[in-house]
Amino acid sequence: MREPSVAVRETAAEHLEERQTDWAYSKPVVVLDVLWNLAFVAVAAAVLAASLGERPAVPLRVWLAGYVLQCLLHVLCVTVEYRRRCRDADQEGAGDGDFKLSIVKHLESANTMFSFIWWIMGFYWVSAGGQALSHDAPQLYWLSIVFLAFDVFFVVFCVALACVIGIAVCCCLPCIIAILYAVTDQEGASEEDINNLSKFKFRTMGDHDKLVAGIAAPVGGVMTECGTNPPVEHILSAEDAECCICLCPYEDGAELRELPCNHHFHCSCIDKWLHINATCPLCKFNIVKSNLGREEV
């Protein structure tokens, strides 16, 4: 049962990454990001102008100018990508969209690498200058310290957030699904689509039931479809009698939902998933397109 559970978590991670990217390029976040970087540029420009009389022993002015260039390049990349996404949302299939996306991604990657190398150089220059910098060039020195410290804080925050999300995806996938369900824009299946799916009751099989049915192999239980006469039953092996989303074995009387692709899950788990994403978490079968196909037929 480990392989299906891993597939579910990979699908959840991909969906979470898509949501994160959409959120990162939403208008409020883009505006905040641009204003934040432009504030850094304005502060750096003001300090550089006010510290013309300072004579630092290391090239702090060069480092601050490079930091400003890095912020401006980041603003350019974010703005271009945001405008491209808005244009693609208005009119599908822009001809040079992939080409521009490739250029922006390369610029952003190069800027990130430049930022890392530039931070190391700034840290080296500040350390090499020592305490003398606080006397010879106090404004340049403290502004460099603030910028270096902010970068460290930002990196630590991003790494910690990535670790928390990674642990949650591996160990508590229902928590991630609940969060996505709370912030989703209802792009998944509708309540009607979900209710049209087959619903089952799970029943465990004791030794007597196995003997009566003439089953010798390990059996986890029986799924009985609700509202059918005669009842439709599916016998599940011990490996299959487990929900791939929450990793909990099916208990006697549990309500299950079976998708058209024959994959089954707890109702509470798969219903929330389908509200977010209308595809099977295992094989990515789209239940909405399947319903539309049946209606056309």
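User: How many bridges join β2 to β3?
Analyst: Five bridges join β2 to β3, and the two strands run antiparallel. Strands (E, at least two residues) and helices (H or I, at least four) are DSSP runs, numbered from the N terminus. Two strands count as paired if DSSP finds at least two bridges between them. This is a predicted model, in which local features need pLDDT of at least 70 and side-chain atom pairs count only at pLDDT 80 or more, while totals for chains, interfaces and linings use all residues. Residues are numbered from 1 along each chain as its sequence is written, and side-chain values use heavy atoms, with hydrogens and water left out.

User: Which residue is the bridge partner of T224 in β3?
Analyst: The partner of T224 is E233.

User: Is β2 mostly buried or exposed?
Analyst: Strand β2, residues 219–225, has six of its seven residues buried, so it is largely enclosed by the rest of the structure. Buried means under 20% relative accessible area, exposed means over 50%, and partly exposed lies in between (1.4 Å probe, protein chains only).

User: What is the order of the strands in the sheet?
Analyst: The order is β3-β2-β1-β4-β5, an open sheet of five strands with antiparallel pairing. β3 (233–237) and β5 (264–266) stand at the edges with a single partner strand each, so one side of each has no neighbour in the sheet. From one strand to the next, the twist averages 35°.

User: And how many bridges join β1 to β2?
Analyst: Four bridges join β1 to β2, again in an antiparallel arrangement. Opposite F202 stands M223 of β2. β1 also pairs with β4 in the antiparallel sense over four bridges, and K199 has R257 as its bridge partner in β4.

User: What about β4 and β5?
Analyst: Strand β4 (residues 255–258) is joined to β5 by three bridges, and these strands run antiparallel. E258 stands opposite H264 in β5, and L256 has H266 as its bridge partner there. The hairpin of β4 and β5 has five residues between the strands, where N262 takes a positive phi near 75°.

User: Is L256 buried or exposed?
Analyst: L256 is buried, with a relative accessible area of 0%. The residue is found in strand β4. A contact means heavy atoms within 4.5 Å.

User: How far apart are the C-alpha atoms of L256 and K199?
Analyst: They are separated by 5.8 Å, although the two residues are 57 residues apart along the chain.

User: Changing topic: which residues have the most contacts inside the largest nonpolar core?
Analyst: They are F202, L259, F265 and L274, in a core of 25 residues. β1 (198–203) and α10 (267–276) each supply at least two residues of this core, and α10 gives the largest share, four residues. A nonpolar core is a set of buried Ala, Val, Leu, Ile, Met, Phe, Trp, Tyr and Cys residues joined through side-chain atoms within 4.5 Å. In soluble globular proteins, nonpolar side chains tend to be buried together.

User: Which strands does α10 lie across?
Analyst: α10 lies across β1, β4 and β5, running at about 105° to β5. For such angles, axes are lines fitted to C-alpha atoms, for helices over the stretch in contact, and values run from 0 to 180 degrees between N-to-C directions.
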